[in-house]
Amino acid sequence: MNSKKGWSIVYWAVVVALLAVGVVGWYWRLTVGHQMANYGSIIPWGLWVAMYIYFIGLSAGAFLISSLVYVFGVERFRPMARLSLFTALVALLMALLQIWVDLGHMERFYEVYTRPHFYSMMAWMVWLYTTYFVLLLVEMWFVTRRDLVRWSRKPGLSGTLSRILALGSKDESDASARRDEQKVRVLGALGVALAIAFHGGVGALFAVDKSRPMWHTGLYPLMFLLAALVSGGGLLLAIYAFLAPDRGTEAHKSLVESLSKLVLGLVLLYILFTWADFSIVWYGKIPADVEPIKIILFGKYWYVFWLGEVLLGMLVPVVLLSLKATRQSPLWAGLAGASIVVAFIAVRLNIVIPPLAVPELQGLADAAPAFRMSTNYLPSMMEWFVTLGIVGFGAALYALGYGLLPVRPNMSEKEV
Amino acid sequence: MPEIPVIQEREDVIARMMDDLQRALKKPPSERRWGMVIDLTKCTGCDSCTVACKSEHKTPPGVNYNVVIKEEIGTYPNVRDVFLPRPCMQCENPPCVDVCPVSATYKNEEGIVVIDYDVCIGCRYCITACPYGARSFDFGEWYTIDTPEVAPYETAPTFEYSEERVREDGKSPIGNVRKCNFCIERLHEGLLPACITTCVGRARYFGDLNDPDSLVSELLRQKHAFRLKEELGTEPKVYYLT
Ligand code: SF4
Ligand code: SF4
């Protein structure tokens, strides 16, 4: 009990620190604007776009894993299905904040709804993730409805919140739960289609860009989906291994192991995709195509690939999750999951930045030397602060939801 | 004794192009097809065009509608400099227009790719999509910000797209993507683009590609011309002569 309290104090201390830093970052962003950012006109997208696809990938991945249970009936994962759904929701909110702050005119975001250009993958993406957002909320409501009704009777904040969120529903019968379950199955199925469409769409947003050879590949939409599953799976593995209330039981151990196997398979598949992507371009020797890969492998920021992607994202998880001893230990398996979660930040950074660091015309960056025409990019302090603030916001929301709402693993939602 | 040839009075290309312009302006806008021809053998790499464009549009640091890309070919002592002026190509099939989520950037009826500053959300997708690096983001910076006073030439209004605008924090075009628009506001007043009138080497020509009698059409008939990245199917309306 004591150590649990201790951890929770540490957690909230970190969250408060992140939020404090975030307030400074957002203040800078909203008062001074883009001047304090380090991206430019050669590399027009930076940390924020990378973190956006990172968060949105976590969301899509967590959602798809929840649908294993709700749509495909893989009962094995039921204890964590609900938490997966909640994770998807929080990650999506983080993603939306992250991309909103990146706009040159944040106040005009609504134009994507009022005057969408349907030939633009970006417009599609916004429409699809809006629909996905609504669907997540509705599905989340049906998944938790009966427990919200039950929790309404609890004293304190949790009870009040549950009462409000139950939206007047009072029915606690098994029959009502069965009806919910059916609705969730339909919503989940729609959601799977939607998640594939919109995250594949995020990949397509890059893939259709024919002036950036590294993005312009049919592999990209598929790689994005796979990346979502790997990173979302890693996140859930870590969360479940470390946070599940039934830690220490055989049931917990065996679910961790099942999840580990799933994540291992996904990581191996992702390695294969990365190899296919890089090796074929390399073979072609077309300078404009090969240059971004050279930057990734041997450039100034080589460690993002070798330490981030390869070590943390491939070697560590593959070793920890294939050895029986470590796979069966929730501690090691959880660490493997956490390692993947961190590694995918590196993956996303390398997707966005190096392909932009090669100007479309040779000599362009030197034609009119300026800070904004640089081929080198490191996020500025303001950029880091804004993103850290968003992480803090997500972590706070997650902990609050986890503490106050019926979203924990092993909630007994299965009807008898 | 060979006879010394009489030096003929040479035609002034600027006057010729201004006549071409007048003819084009008499046509309905959709029948004009503005195009630029740049003679690389005449370009001296002096960047006058870049500067003329800067003063015409008062673009801030890092925002360049036109640049002159310089490349050294060969190794010392056998070196040769080549210069490639690069405005916006005003592509017939512009990838930047395809990707814009809110149709803030579009090809107008005269074939010029324009940006509606009051609509653009500043997502910068178009910058990534332009194969010619022709677009820049306006970060809201000033050349003279670290001096006691921002110089008046930076804060004076501009008339891009025939709209009077003063750059101010939080207001367009700050926070927007910007690029060369063939000086459309000048064209409509019967003036040639600033880079054309200023070009010291007389390397730049401008006119209506739909008019067989225009100087640009004539040049394209007579000389060997190429366009950048033809393989992408963007169909630029900027031609280079070699
Ligand atoms: S050169 Fe670039 S900015 Fe200009 S029309 Fe073509 S794609 Fe668009
Ligand atoms: S930056 Fe502006 S013009 Fe460019 S794609 Fe985004 S909204 Fe369109």
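Helix H11 (residues 302–322) of chain A is the main giver to a nonpolar surface patch, with six residues in it. Helices here (H or I, at least four residues) and strands (E, at least two) are DSSP runs, numbered from the N terminus. The patch covers about 820 Å² and is made by Trp282(A), Phe298(A), Trp302(A), Tyr303(A), Trp306(A), Leu307(A), Leu311(A) and Leu315(A). To be in a patch, a residue needs over 30% relative accessible area and no salt bridge; like charges are joined within 9 Å, and nonpolar side chains (Val, Leu, Ile, Met, Phe, Trp, Tyr) within 5 Å. The areas come from the Shrake-Rupley method with a 1.4 Å probe, and for residues only the protein chains shown count as cover. Phe298(A) counts as exposed, at 57% relative accessibility. Buried means under 20% relative accessible area, exposed over 50%, and partly exposed in between (1.4 Å probe, protein chains only).

A quick word on what you are looking at: this is a predicted model, where local features need pLDDT of at least 70, side-chain atom pairs count only at pLDDT 80 or more, and totals for chains, interfaces and linings use all residues. Residues are numbered from 1 along each chain as its sequence is written, chains are lettered from A and ligands numbered from 1 in the order in which they are written, and side-chain values use heavy atoms, with hydrogens and water left out.

Now for the charges. Side chains of opposite charge can pair when their charged atoms come close. How many salt bridges does the structure hold? Over all chains there are 32. For each of them, a side-chain nitrogen of Lys or Arg lies within 4 Å of a carboxyl oxygen of Asp or Glu.

| Pair | Closest N to O |
|---|---|
| Arg16(B) and Asp20(B) | 3.9 Å |
| Arg23(B) and Asp20(B) | 3.0 Å |

Take Arg16(B) and Asp20(B): they are about one helical turn apart, because they are four residues apart in helix H1 (residues 13–26) of chain B. Both Arg16(B) and Asp20(B) are buried. Arg23(B) and Asp20(B) are three residues apart in H1, so they too are separated by about one helical turn. Is Arg23(B) buried or partly exposed? With a relative accessible area of 36%, Arg23(B) is partly exposed, while Asp20(B) is buried at 2%.

What about Lys27(B) and Asp208(B)? Lys27(B) lies in the loop between H1 and strand E1 (34–39), and Asp208(B) in strand E8 (residues 204–208), so the pair ties together parts of chain B that are 181 residues apart in sequence. Lys27(B) is partly exposed at 23% relative accessibility, whereas Asp208(B) is buried at 0%. Elsewhere, salt bridges with shared partners link Arg16(B), Asp20(B), Arg23(B), Asp211(B) and Glu218(B) into one network.

Next comes helix H2 (residues 48–57) of chain B, which is mostly covered, with seven of its 10 residues buried. The buried ones include Cys49(B), Ala52(B) and His57(B). The buried residues of H2(B) pack against strand E2 (67–73), strand E7 (177–178), helix H6 (184–187), helix H7 (194–198) and E8 of chain B; contact means heavy atoms within 4.5 Å.

Most residues other than glycine have a negative phi, and most peptide bonds are trans. Just after H2(B), though, Lys58(B) takes a positive phi of about 50°. Asp47(B), in the loop between E1 and H2, has a positive phi of about 70°. Asp47(B) is buried, at 18% relative accessibility. As for cis peptide bonds, one joins Tyr76(B) and Pro77(B), with omega about 0°. Another runs from Ser172(B) to Pro173(B), with omega near 5°.

Finally, the ligands. Which residues are closest to ligand 1? Among the 13 that surround ligand 1, they are Cys88(B), Cys91(B), Cys96(B), Cys130(B) and Arg135(B). A residue is near a molecule if one of its heavy atoms lies within 4 Å of it. The ligand 1 shell divides into 10 nonpolar, one polar and two charged residues. Ala, Val, Leu, Ile, Met, Phe, Trp, Tyr, Cys and Pro count as nonpolar, Asp, Glu, Lys and Arg as charged, and the others, Gly among them, as polar. Around ligand 2 sit residues including Cys100(B), Cys120(B), Cys123(B), Arg124(B) and Cys126(B). The ligand 2 shell has eight nonpolar residues, two polar and one charged.
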